[in-house]
Amino acid sequence: MSRPASFLPTTRAEMERLGWAELDVLLVTGDAYVDHPSFGAALLGRWLEAHGLRVGVIAQPRWDGPEDVRRMGRPRLFAGASAGALDSMLAHYTAFRKKRSDDAYTPGGRAGARPNRACLVYAGLLKRAFQGLPVVLGGIEASLRRAAHYDFWGDALRRSILVDSKADLVVYGMGERAVLEIAERLRSGKDLKSVPGTAFIGEAEGAERLPSFEELQASPKRLMEATLALERQMLAGTRAAQAHGGRTVVFAPPAAPLTTPELDRLYALPFARRAHPSYKEAIPAVEMIQFSLTAHRGCAGGCSFCALALHQGRIIASRSRASIEEEARKLSAHPDWKGALTDVGGPSANMWNARCAADPALCRRSSCLAPSVCPHFQDAQEALAELLRALKRLPGLKHVRVASGVRHDLALRSPAYLRALVGEFTGGQLKLAPEHSCAEVLRLMRKPSFKAFEAFLSVFERESKAAGKEQYVVPYLMSAFPGCTDDDMRSLSRWLKARSWKPQQVQCFIPAPGTVASAMYFAGVDPEGRPIQVARTDAQRLRQHRILMGG
Ligand code: SF4
């Protein structure tokens, strides 16, 4: 294999410049092509390329016909498609189902470059363009819709995306192992059944049976049972299945997280860390993430509404300190570098190198941190503080910041980390997500107690003063969560007023497909099956939102 391309090819002319007559794998994505490890198509494309495959990327193709996805010709092995970094419906609509006009993953930041339900549309285009070619869906939209799920935008239960689309396979969770195995099996003429980390149409034999789509239609409350079973399956590493009419969607055991050496290899690949040169306009997301660094994957918190944590799983996979330092050195040599490393984190900022000292496959808890930190959970926050300091000492790094959300209950366990975070790595404002103040709402969210947030605030204020810095906590709050009442919102509002805080970041709850919170919203029950009150209509949701926001 020749040396890696400065960008993966996006046109026939670019393929020819690389001397390629055909691709092995074509990746279609709903985001612009930014050659950065935070963009899924670049990450998997570079990973496949490093394993000797010729990969092309078609970003945000036209969807009025198959010509655009055909522009680089038929790939030899398979085509993969993803809606992009977000579920396309979440990217397109607000919490009140109003169309958004902006899209941070598109040149010029304008909406409209990808279709609604992008995975279904892309799979259809690819099947029309390349008859008989295996089509694999992946990314957060496909991953979280792999089983029957509630869809907020259509306000209805939907079938598995595998049944509704023309795709052959859905990759769920992080896709590096699965895409390699798919390529390998196709190269050696094997079938695609039971690739770890995938869902496929097959036989339920030996699998835990989830309630079928038809059973869920007849009894919406059972969506909670199905969602919890699938969540457990991710951790237990087992097989599950769900019937849809005469077809059965089988969920193969999840792929094992990448090991530290594998992650180190992945992040050392030659990403250009820029948007493809064909774009004439800036892509807002690039500004946000160009000089950020991923230290780890996975989140042990298990918050019931979080799509990203569900997608990446509860087991933390971390890069080595040497690999992170090496990437920071490379960033400081980038032509666009301005001196600031804008983030060192992952789905949460302070879980680098955290681990379970027991066997996660036997775990029956839904969160390693809530309602209290599991005795088997081991963090490495002091080492993280040392890592951040080591990065700051590197030549050319004027600032190192932590912008990923800090898990404050965890931070309270390590005074050394807290001191470093507040005194050295907070850029004036620290975003924290207490989400609410009411115990019952926090229990349903699987968030730490509000007392932990208040304790964090006192330490934050004390340490900021000690460091001689004027800086603030920006709390992220949520309205209309299932189980949250108007009175609960008033109680939160009173707390804010008592501190003279004006809420800046309030998100009205959006049920993300596949999450436990979405099952609560749809089924009107908590995870134990007890009925809960749900603000369901737009009027009820808006009322809760306004209690906090005023107006
Ligand atoms: S045993 Fe504890 S630390 Fe391990 S996965 Fe379960 S909750 Fe997390």
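Helix H19 (residues 486-498) and helix H21 (residues 538-549) pack with their axes 9 Å apart and at an angle of about 15°, where helices (H or I, at least four residues) and strands (E, at least two) are DSSP runs numbered from the N terminus. Axes are lines fitted to C-alpha atoms, for helices over the stretch in contact, and angles run from 0 to 180 degrees between N-to-C directions. This is a predicted model, in which local features need pLDDT of at least 70 and side-chain atom pairs count only at pLDDT 80 or more, while totals for chains, interfaces and linings use all residues. Residues are numbered from 1 along each chain as its sequence is written.

**Helices H19 and H21**
- H19 and H21 are therefore roughly parallel to each other, a term that applies to angles under 35 degrees.
- The crossing of H19 and H21 is right-handed, meaning that the near helix is turned clockwise from the far one by less than a right angle.
- Asp486, Met489, Arg490, Leu492 and Ser493 of H19 meet Arg543, Gln544, Ile547 and Leu548 of H21, with contact taken as C-beta atoms, placed from the backbone, lying within 7 Å.
- The residues of this contact between H19 and H21 comprise four nonpolar, two polar and three charged, where Ala, Val, Leu, Ile, Met, Phe, Trp, Tyr, Cys and Pro count as nonpolar, Asp, Glu, Lys and Arg as charged, and the others, Gly among them, as polar.

**Helices H13 and H14**
- Helix H13 (residues 321-332) and helix H14 (residues 381-393) cross at roughly 30°, and their axes come within 10 Å.
- H13 and H14 are therefore roughly parallel to each other, and H13 passes H14 in a right-handed crossing.
- From H13, Arg321, Ile324, Glu325 and Ala328 meet Leu387, Ala390 and Leu391 of H14, a contact with five nonpolar, no polar and two charged residues.

**Domains**
- The chain is divided into domain 1 (12-204) and domain 2 (291-549), with bounds that come from an automatic or database domain assignment.
- The centres of domain 1 and domain 2, taken over C-alpha atoms, are separated by 29 Å.
- In domain 1, 16 residues are in contact with 20 residues of domain 2, and helix H5 (139-144) and strand S5 (149-151) are the elements that give two or more residues to that side of domain 1.

**Ligand surroundings**
- Around the ligand are Ala300, Arg314, Cys356, Ala358, Pro360, Cys363, Arg365, Cys368, Cys374, His376 and Phe377, a residue being near a molecule if its C-beta atom, placed from the backbone, lies within 6 Å of it.
- This shell around the ligand divides into eight nonpolar, one polar and two charged residues.

Note on methods:
Two residues are in contact if their C-beta atoms, placed from the backbone, lie within 7 Å. Angles under 35 degrees count as roughly parallel, over 145 as roughly antiparallel, 65 to 115 as roughly perpendicular and the rest as oblique.
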